[in-house]
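Dear colleague,

Please find below the structure that I am handing over to you. I would be grateful if you would look through it alongside the notes that accompany it.

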Amino acid sequence: MDTSVIEGSLNVTLTICLLMHGKEVGSIIGKKGESLKKMLEESGAGINISKENCPEWIIGPAGPTNAIFKAFAMIIEKLEEDISGSMTNRMASSRPPITLRLVVTASQHGSLIGKEGCKIKEIRESTRAQVQVAGDFLPKFTERAITIAGIPRSITECIKQIS
């Protein structure tokens, strides 16, 4: 893994994947790929989109840490726009949280939970995001899903702490 200090922050090359449904992926790509192109240019991350042997699409922002976090923030912002656009004024006060599903390797799983669950509890408390770690592996994979729900800032902070 490539690590270096850039502008006072640790810059590590990471790959974190999301599982998304087709409608969400379509929104991220946008008409004629415009949304995706904007995310690529503004974040500096590469964003791989594929449909493996799984009912959901796999979205994989990759690159330096700062670029990945910017790409995630933009994806979360786009999902929030979609939720806001589909709600009436009466519904706005009871807006549902944004929910993302991350994929983590089996080796990350243990360190994410921590001894007796202390690490996952700390992440939940400090970010105020709802975090659920699946007990079972994803079908046909050796990874597990993590579901994160909350407001955009909480989700972004949670992703930083998980990675």
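The notes below go from the overall fold to the cores, and then to individual helices and one glycine.

Please bear in mind that this is a predicted model. The chain contains seven helices and eight strands. Of its 163 residues, 37% are buried. The accessible surface amounts to about 9600 Å², and carbon and sulfur atoms account for 52% of that area. When contacts between residues at least 6 apart in sequence are considered, 59% of them link residues at least 24 apart.

In soluble globular proteins, nonpolar side chains tend to be buried together. In this chain, the largest nonpolar core comprises 36 residues, and M20, L102, I148 and I159 have the most contacts inside it. At least two residues of this core come from each of β3 (17-20), α1 (22-29), α2 (34-43), α3 (65-85), β6 (98-105), α6 (118-127), β8 (143-150) and α7 (152-162). The greatest contribution is that of α3, which provides 10 residues. There is also a second, separate core of five residues, among them L19, I58, L138 and A145.

Leaving aside residues up to four places away in sequence, I159 is in contact with I16, F69, F72, I76, L100, L102 and I148. I159 is one of the buried residues of α7, together with S154, I155, T156, C158 and I162. The partners against which the buried residues of α7 pack are α3, β6, α5 (106-113), α6, β7 (130-137) and β8.

The pairing of α2 with α3 may also be of interest. The axes of these two helices come within 9 Å and cross at roughly 145°, and the crossing is right-handed. On the α2 side, the contact involves S35, K38, M39, E42 and S43, which meet A67, K70, A71, M74, I75 and K78 of α3. Sorted by class, this contact has five nonpolar, two polar and four charged residues.

Finally, G30 lies in the loop between α1 and α2.

Yours sincerely

How values were computed:
Residues are numbered from 1 along each chain as its sequence is written. This is a predicted model: local features need pLDDT of at least 70, side-chain atom pairs count only at pLDDT 80 or more; totals for chains, interfaces and linings use all residues. Side-chain values use heavy atoms; hydrogens and water are left out. A nonpolar core is a set of buried Ala, Val, Leu, Ile, Met, Phe, Trp, Tyr and Cys residues joined through side-chain atoms within 4.5 Å. Buried means under 20% relative accessible area, exposed over 50%, partly exposed in between (1.4 Å probe, protein chains only). Helices (H or I, at least four residues) and strands (E, at least two) are DSSP runs, numbered from the N terminus. Contact means heavy atoms within 4.5 Å. Accessible areas come from the Shrake-Rupley method with a 1.4 Å probe; for residues, only the protein chains shown count as cover. Axes are lines fitted to C-alpha atoms, for helices over the stretch in contact, and angles run from 0 to 180 degrees between N-to-C directions. A crossing is left-handed if the near helix is turned anticlockwise from the far one by less than a right angle, and right-handed if clockwise. Ala, Val, Leu, Ile, Met, Phe, Trp, Tyr, Cys and Pro count as nonpolar, Asp, Glu, Lys and Arg as charged, and the others, Gly among them, as polar.
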